[in-house]
Each structure stands twice: as structure tokens, then as C-alpha cells.
Amino acid sequence: MSAHHPIMLCQPDAHKSCSACCGLYNWVDHSRSALTAIVDAQTELFFALTTYDNLDNYRNQRNRKINNTKLFETIYNCEFVGYIDSEHKKVGCMLHPAVTGNPELRNHCFYGSKVCNEHFCPGFSCLTTPEQRAVVATVHDWYLYGLVITDIDLVKEFFKNVENTIGESIKVSRLDTPKIHAALTDFFTLKEHWKFQAKENRLGKYYFSKAEYNIARIEYTQKWGIPPSPFDKILISLESDFATKEELEEAETIIQDKITAFIDAYNRQV
Ligand code: SF4
Ligand code: SF4
């Protein structure tokens with residue numbers, strides 16, 4: 001933690017953590033079960049090592065165990081992501097000096113120790129402290145947490161819609177109630193369970209095609225002759241793909257209901 005980063009988003013508490021920038025989600029199948037299988041395998045292999053002298057051997061064994069395909073070829077999927085706690089609630093760097101006692105071992109990864117040590121993702125700079133606190137307080141497991149804390153549009157657009165409706169900035173002192181936490185958990189859970197999620201090659205607002213990636217778009221005017229949804233950024237973050245205008249309208253209703261539930265709980269604090 002530092003004055004610039006009062007909340008350590010990578011490892012915020014004992015219940016979850018994030019390894020998104022280590023390539024954890026960069027798999028074609030990045031479902032919870034698929035990533036759990038990868039982290040399980042990497043953890044088991046790594047902590048069976050009796051020495052760190054032959055990490056290439058570890059890497060080869062790990063590659064043979066993984067039955068998945070990279071989503072975007074040029075993003076590195078670090079083989080050293082594993083569980084760093086005995087309860088397997090926290091994913092993190094198995095080469096970290098706190099785990100190995102050796103500050104140089106991260107030079108065995110593609111990025112090297114310096115980059116691994118000094119990287120702070122946009123969640124640190126783009127999310128406000130209340131937004132960071134809201135995610136940390138209401139997302140309770142590593143899989144969903146890593147998806148949400150790195151999805152700047154999802155988090156910011158939720159609070160922007162709330163603040164536009166209530167006509168003022170959110171007061172962080174009013175966020176700490178069970179009903180507000182439940183409303184936020186309910187909204188953030190959409191990130192994992194979204195009825196209109198595109199089937200292929202998406203990760204948040206990005207879609208991938210061979211060695212290229214682009215920001216996804218919903219063609220409102222072209223498909224249905226309507227202007228963009230007020231929830232456009234949220235819908236794109238959720239990887240939405242709509243076959244009909246009715247599906248879009250249903251999605252908008254779901255999101256509006258979550259925002260309204262939050263505002264109702266928030267207003268009860270006055
Ligand atoms: S993506 Fe951000 S929060 Fe997650 S581990 Fe990397 S720097 Fe930390
Ligand atoms: S070595 Fe670097 S990229 Fe790999 S898990 Fe550790 S911090 Fe992430």
C-alpha cells in the first residue's frame with residue numbers, strides 16, 4: 001500500500017486476489033472451471049518442486065498438462081500463477097519473493113522481476129477510491145474479482161448511472177450496509193453469469209480475431225434503427241450479443257433493475 005494506492009487491489013484481503021495482468025484470463029475457455037483447472041495444475045506442479053534450479057522443466061510439465069488455447073497470442077500467460085495461500089482462495093505469483101524467498105526468480109518469467117514488481121493496472125489510476133472499495137467489499141472470490149476489478153467501464157458506468165439518477169456523488173460513508181453490498185454483488189455477478197454473453201473470442205469489451213484484437217461494438221442503428229443504449233458500455237463489458245431488439249430491451253431492464261435496487265438501498269441511508 002502507498003499514498004497513491006491506498007487499496008492494494010492485487011491482494012486486497014484474505015478472501016481473494018487478482019492475477020489478471022499475468023495472463024490468467026487469456027484463454028479461449030476462460031470459464032471459472034477452466035481457469036480453476038489451470039491454477040490447480042500449476043500450483044500442484046510448482047509446490048512439488050524441491051528446487052528452483054530447473055524451472056524450464058516445470059514449464060514443460062505445465063505446458064503438457066494444459067488443455068486450452070490462448071485467446072490472444074501476443075499476451076503472455078504466465079505459468080507461475082498459482083494459489084499462494086493454503087485455502088486456495090488467493091491466486092498470485094508463485095515466484096514472488098514472499099513465496100520463494102528469492103527476489104531474482106521472477107526473471108524466469110517473460111516480463112522479468114522489474115516489470116512484475118512495478119506494474120499497476122488501470123484499476124489503480126482510473127477507479128476512484130469509493131469505486132475500488134465497492135468492488136473489494138462486494139466481490140468475494142478470485143475468479144469474479146479479477147474480472148471485475150480490471151473492468152473499468154463496468155464499474156465506472158454503474159456508478160455514473162447511479163450518480164446521474166441521484167444527482168450527486170456517491171458518499172463512501174453510506175456504502176457499508178448489507179443491502180448495498182448485496183445490490184453491488186448482484187450487479188457485479190452479471191460479469192460471470194450474463195444471459196446475453198457472446199459465445200466466442202471475447203474478453204470484456206475486446207474481441208479477438210487471429211492475432212488481432214478490437215473493441216467490440218453493438219450496431220444499434222444498423223440492426224434496429226435506434227440510438228445506442230444508455231447502458232452501451234456496460235452491455236459491451238458484459239460481452240453482449242443480441243439477436244433481436246427484444247433481447248436488448250430485456251438486457252437493459254435487467255441492468256436498470258440492478259441500478260434501481262442499489263439506489264433504493266442507498267437512499268434508505270439518509
Ligand atoms: S490486473 Fe491490476 S489488480 Fe490485477 S494483479 Fe494486475 S495490477 Fe494487480
Ligand atoms: S512472474 Fe510476473 S507475470 Fe508471472 S505470475 Fe509472477 S508477477 Fe505474474
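Trainee: Is lysine 156 buried or partly exposed?

Mentor: This is a predicted model. Buried means under 20% relative accessible area. Lysine 156 has 28% relative accessibility, so it counts as partly exposed.

Trainee: Which residue forms a salt bridge with lysine 156?

Mentor: Start with the general idea. Side chains of opposite charge can pair when their charged atoms come close. Here the partner of lysine 156 is glutamate 131, with the closest N and O atoms 2.7 Å apart. The pair links distant parts of the chain, 25 residues apart. Glutamate 131 sits in helix α6 (residues 129-138), and lysine 156 in helix α8 (residues 152-166). Glutamate 131 counts as buried because its relative accessibility is 8%.

Trainee: Where are the two ends of the salt bridge between aspartate 153 and lysine 205?

Mentor: Aspartate 153 is in helix α8, and lysine 205 is in the loop between β3 (202-203) and β4 (206-209). They are 52 residues apart. The closest N and O atoms are 3.5 Å apart. Aspartate 153 is buried, at 19%. Lysine 205 is partly exposed, at 27%.

Trainee: How many salt bridges does the structure hold?

Mentor: It holds 16. One of them joins glutamate 168 and arginine 174, at 3.9 Å from N to O. Glutamate 168 is partly exposed, at 35%, while arginine 174 is buried, at 15%. Salt bridges can also form networks: Arg32, Asp141 and Glu192 are linked in one.

Trainee: How many disulfides does a search of the whole structure find?

Mentor: For a disulfide, check the sulfur atoms: a pair must lie within 2.5 Å. The search finds 0. Take cysteine 109: its nearest cysteine sulfur belongs to cysteine 116, 3.7 Å away. That is why cysteine 109 is in no disulfide with it, given the 2.5 Å cut-off. Cysteine 109 is buried, at 8% relative accessibility.

Trainee: What classes make up the shell around ligand 1?

Mentor: It has 7 nonpolar, 2 polar and no charged residues. Its residues include Cys10, Cys18, Cys21, Cys121, His119 and Thr150.

Trainee: Which residues make the nonpolar surface patch?

Mentor: Ile75, Phe110, Tyr111 and Val115 make it, over about 370 Å². Isoleucine 75 lies in the loop between α2 (55-65) and β1 (81-83). Its relative accessible area is 34%, so isoleucine 75 is partly exposed.

Notes:
Residues are numbered from 1 along each chain as its sequence is written. Chains are lettered from A and ligands numbered from 1 in the order in which they are written. This is a predicted model: local features need pLDDT of at least 70, side-chain atom pairs count only at pLDDT 80 or more; totals for chains, interfaces and linings use all residues. Side-chain values use heavy atoms; hydrogens and water are left out. Patches are made of residues with over 30% relative accessible area and no salt bridge: like charges are joined within 9 Å, nonpolar side chains (Val, Leu, Ile, Met, Phe, Trp, Tyr) within 5 Å. Accessible areas come from the Shrake-Rupley method with a 1.4 Å probe; for residues, only the protein chains shown count as cover. A salt bridge is a side-chain nitrogen of Lys or Arg within 4 Å of a carboxyl oxygen of Asp or Glu. Helices (H or I, at least four residues) and strands (E, at least two) are DSSP runs, numbered from the N terminus. Buried means under 20% relative accessible area, exposed over 50%, partly exposed in between (1.4 Å probe, protein chains only). A residue is near a molecule or strand if one of its heavy atoms lies within 4 Å of it. Ala, Val, Leu, Ile, Met, Phe, Trp, Tyr, Cys and Pro count as nonpolar, Asp, Glu, Lys and Arg as charged, and the others, Gly among them, as polar.
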